[in-house]
Amino acid sequence: MGRAIVRHIISKVPSLLLFLLLGLPMIALLLQWLVNGDDKSALLSFIGRETLFLIGKSLLISGIVALFATFMGTACGFILYKMRLAFTGFYKMALLLPLLISPYIFAVAWKDGLFWIFGNNAAFYSDSGVILVHTLVFFPLAMLIIGSALSRIDASYEEAGLMVIPFGTMLLKIVLPLIRSAITISFLLILIFSLSDFSVPAFFGVRTFTTEIFTQFSALYNFPLAIGQSILLLVICLLLMLAETRYLSDAPFFSVSVRGSMSKKYDIQKRQALFHALLWLLLIMALVLPVFMLGTQSLTGRILFFREAWILMGPAVLQSIKLALCGTLIITIVGLWSAYVKVRLNNRLPNVLLLLTFIVPSTVLGIALIRYYNLPVLNFIYGTALILLLAYLGKFGFIASRIIGNGMRQIPVSLEEAALIMGIPSWKIFVRINLPLLIPSLFAAFVLSFILSLGELGVTMLVYPPGTELMPVKTFTISANAAEALTSSMTLINLTVTLVLITLFFLTGKWLFKKFQYA
């Protein structure tokens, strides 16, 4: 009886608190739009020719990005997860870096780099620039999701198919149907991420639905229109994900490792050089070339701006790392709790809530948090860094929950049952059995949440409190009027800090995974 009460408290009370902190702001935003006085024209002011044009344009750009990125990710996933190729670990890590680095860094790199090469980047201030950067940034997501799905296909299916049909036919008739959900979710996720991204279109001066919402809310102070457009964008994103919500909620691709995998690998001895060349070409386009262009542009001109850039970025670097670290600690703790109550207590509410805030576009989440917490009684949250930490939790809590949850699924329940029979308390079982076995998953969730929080721009631009200096915000606000070389230098500092932190985490994780590796 006592254990049941404890489980009920662990499951229900934090769920209510999470709903009050993150779920209620979204509901309040919807209610605020619905009760916008008696002026029906204000209520439906976002419905017009201009709004429909922006929606169509944004969906077209994002659809092209999703199509290209999913195709590239599928090809890379098959090469790296289904073929016996040397240095696959290096390629996986290197190709995932663009996904971990904030998109605005690549936007600055391509914009300033093409200006340095051609002397005029006006042609790149267009939809094609957004498509290029978003495709190169988001294709690793498709590679990760589809590659994980490919690695889970039992080898017996492919071997049985190859006995009666050619290899190409086997791929079309057997492999593709088995990974249909992964391809679909990759396409939809990339579509939503591209549709809701604010930083890249803003840097290129491309007017999209997301940048329009930001402009109406923060520049023109047209709150009814901004809220109406936010609701519309939110509905679009939720409808896009509705068909695959259950698959995304279980999220088997957010795993640190797959144990007991029986996936088939193909030998490609005669074509090794070709696949290496293709992977290196993609790696150069996605990572090497942008870094090179940033470095070259930073050194171009009569004046070196590194000193000025560091003076501007120095305080922001330390504050960004500090806030990202605090946010990541909260994300990891909430992710661990959410994973535990879903996997062990069968309570899906926290996971669903984190999934919804994960899908919500950054600008919409930012507006919801502002409208909900901008009250005198809640000023201790709105006027401090707590509002920013809540934004980080809303954006990245689901990822941490899924990584830890998939790790928890791989822990045999029999271990806990045996300990209970021996009379060991539940809390001691969790501390002595679950936590040590979850170390790799906890570390992976912590690192990924930290890097993503460090580079988040969309929601940060809206909610960061006065007196706070953050790397992405600093770069974005100064880039409008600063010299190209100064902007590139600041972005290069930002990129260097991110890569150094990723390297440190990688080295730490390599030691940690080796120490806590289990069969």
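Predicted model: local features only at pLDDT ≥ 70, side-chain atom pairs only at ≥ 80, totals over all residues.
Of the 519 residues in the protein chain, 53% count as buried, where buried means under 20% relative accessible area, exposed over 50% and partly exposed in between, with a 1.4 Å probe and protein chains only. Residues are numbered from 1 along each chain as its sequence is written, and side-chain values use heavy atoms, with hydrogens and water left out.

The chain carries 25 helices and 2 strands; these are DSSP runs numbered from the N terminus, with helices being H or I of at least four residues and strands E of at least two.

Now to helix packing. Helix H4 (residues 88–100) and helix H6 (residues 127–151) pack at an angle of about 130 degrees, and their axes are 6 Å apart. Axes here are lines fitted to C-alpha atoms, for helices over the stretch in contact, and angles run from 0 to 180 degrees between N-to-C directions. That angle makes H4 oblique to H6, given that angles under 35 degrees count as roughly parallel, over 145 as roughly antiparallel, 65 to 115 as roughly perpendicular and the rest as oblique. H4 passes H6 in a left-handed crossing, the term used if the near helix is turned anticlockwise from the far one by less than a right angle, with clockwise giving right-handed. On the H4 side, Lys92, Leu95, Leu96, Pro98 and Leu99 take part, and they meet Leu136, Val137, Phe138, Phe139, Pro140, Leu141, Met143 and Leu144 in H6. Sorted by class, that contact has 12 nonpolar, no polar and 1 charged residues; Ala, Val, Leu, Ile, Met, Phe, Trp, Tyr, Cys and Pro count as nonpolar, Asp, Glu, Lys and Arg as charged, and the others, Gly among them, as polar.

H3 and helix H12 (residues 223–242) pack at about 35 degrees with their axes 12 Å apart, and their crossing is right-handed. Thr51, Ile55 and Leu59 of H3 make this contact with Gln229, Leu232 and Ile236 of H12, which comes to 4 nonpolar, 2 polar and no charged residues.

Ala155, Glu158 and Gly161 of H7 are buried. They sit on the same side of H7, because they cover an arc of only 135 degrees around the axis, the arc being that of the directions from the helix axis to the C-beta atoms. The cover over these buried residues includes H3, helix H8 (167–178) and strand S2 (266–267).

Ala400 lies in helix H19 (residues 386–409) and counts as buried because its relative accessibility is 0%. Leaving out residues up to four places away in sequence, Ala400 touches Ile331, Gly335, Ala445 and Ser449. Ala400 and Ile331 are 69 residues apart in sequence, yet 6.8 Å apart in space, C-alpha to C-alpha. Thr498, found in helix H25 (residues 484–515), is buried at 6% relative accessibility.

Note on methods. Contact = heavy atoms within 4.5 Å.
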